[in-house]
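Reader: I would like to learn how to read a model like this one. Please take it one feature at a time.

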Amino acid sequence: MIGQFHLFCKVMFDESLRGSFSRFVRALYRRLPVLAMALLLLAPSALAQDNPSGLPLPRFATTRSEPINVRVGPGQKYDIAWTYLKSGVPVEIVQEFDTWRKIRDVDGTEGWIHQNLLTGTRAGYVTPLIANGEIPLLAGQSDDAAVRARLGPGLKVTITECDGTWCQVSATGQDPAQRANTYSGYLHQEELWGVYPDEVFD
């Protein structure tokens, strides 16, 4: 087969060493089962170090408090890259190291946050498929449902549940009299940043 991967490299040996080498190979073959078992036992712990929480990667979360410093590396000794001034900001966890989580922001910027500063509460941003467009917040899981509000691009919403096609969300806005109102309804899942395509949760 062209391009087949070979497990062993080709090595040139001196004739005088052939006998001692063959004894070494026989001894290695006798110990091979023990070495294989040791590697199997060590593999889970090595994998666990790459994902200390045991939770899936990547995954979405939100910031727990304010202000929160995002660092360039996993530890207090690293410089601050930026600071979140409000809580509840949706972020994507893309990597873990000990108690630190590497997060990706909605604009693609990455940095590190301590795990205690994140929560599993889900939130997201409205991302219309048409640039600068509005998305109708619907009363039900149907394009024919009544419109409760129109949401502009980049508006942050709290996500309650998703079924792979629709997400139930709530958004807070101001009416013409500058009073805060909260609107709840449904959005197409594909028009949210903060949830994966076909992801289901409640």
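Author: Threonine 63 is buried, with a relative accessible area of 2%. Buried means under 20% relative accessible area, exposed over 50%, and partly exposed in between, with a 1.4 Å probe and protein chains only. The model is predicted, with local features needing pLDDT of at least 70, side-chain atom pairs counting only at pLDDT 80 or more, and totals for chains, interfaces and linings using all residues. Numbering runs from 1 along each chain as its sequence is written, and side-chain values use heavy atoms, without hydrogens and water.

Reader: In which strand is threonine 63 found?

Author: Threonine 63 is in strand S1. Helices (H or I, at least four residues) and strands (E, at least two) are DSSP runs, numbered from the N terminus. The chain has 15 strands and one helix.

Reader: What does the side chain of threonine 63 reach?

Author: It reaches the backbone nitrogen of valine 89, at 2.9 Å. A polar contact is a pair of N or O atoms within 3.5 Å; within protein, one must be able to donate a hydrogen and the other to accept it, and residues adjacent in sequence count only if both atoms are side-chain atoms. For plain contact, the rule is heavy atoms within 4.5 Å. Beyond its neighbours within four places in sequence, threonine 63 is in contact with residues including Ile68, Tyr84, Val89 and Leu118.

Reader: Is arginine 101 buried or exposed?

Author: Buried. Arginine 101 has 4% relative accessibility. It lies in strand S5, residues 100-104. Its side chain and that of glutamine 115 make a polar contact of 2.8 Å. Leaving aside neighbours within four places in sequence, the contacts of arginine 101 include Ser53, Arg59, Ile93, Trp112 and Leu118.

Reader: Which residues line the largest pocket?

Author: Arginine 101 and glutamine 115 are among them, along with Ser53, Leu55, Arg59, Phe60 and Thr119. On a 1 Å grid over the protein atoms alone, a pocket is an open set of points with protein on both sides within 12 Å along at least five of seven lines, and lining residues have an atom within 4 Å of a point. Strands S1 (59-63) and S7 (118-119) are the elements that give two or more residues to this lining. S1 gives the most, with three residues.

Reader: What is the volume of the largest pocket, and how do its lining residues divide?

Author: The volume is about 200 Å³. Grid points are joined across faces, edges and corners, and a volume is the space filled by probe spheres set on the points. The lining has five nonpolar, four polar and three charged residues. Here Ala, Val, Leu, Ile, Met, Phe, Trp, Tyr, Cys and Pro count as nonpolar, Asp, Glu, Lys and Arg as charged, and the others, Gly among them, as polar.

Reader: Now the cores. How many residues has the largest nonpolar core?

Author: In soluble globular proteins, nonpolar side chains tend to be buried together. A nonpolar core is a set of buried Ala, Val, Leu, Ile, Met, Phe, Trp, Tyr and Cys residues joined through side-chain atoms within 4.5 Å. The largest here has 15 residues; Leu151, Val157, Cys167 and Leu187 are among those with the most contacts inside it. Strands S9 (135-138), S10 (147-151), S11 (156-163) and S12 (166-174) each supply at least two residues of this core. Apart from it lies another core, of 14 residues, including Tyr84, Val91, Leu118 and Tyr125.

Reader: What does cysteine 167 touch?

Author: Not counting residues up to four places away in sequence, cysteine 167 touches Ile159, Tyr186, Leu187, Leu192 and Val195, among others.

Reader: Next, the backbone. Where are the cis peptide bonds?

Author: One joins leucine 57 and proline 58, with omega about -10°. Proline 58 sits in the loop between helix H1 (18-50) and S1. Another joins glutamate 66 and proline 67, with omega about -15°. Proline 67 is in the loop between S1 and strand S2 (68-71).

Reader: Which residue has a positive phi of about 55°?

Author: Aspartate 98, although it is not a glycine. It lies in the loop between strand S4 (90-97) and S5. Aspartate 98 counts as exposed, at 51% relative accessibility. Aspartate 198 also has a positive phi, near 70°. Its loop runs between strands S14 (192-193) and S15 (200-201). Aspartate 198 is exposed too, at 62%.

Notes:
On a 1 Å grid over the protein atoms alone, a cavity is a set of points where a 1.4 Å probe fits but cannot get out, and a pocket is an open set with protein on both sides within 12 Å along at least five of seven lines; lining residues have an atom within 4 Å of a point.
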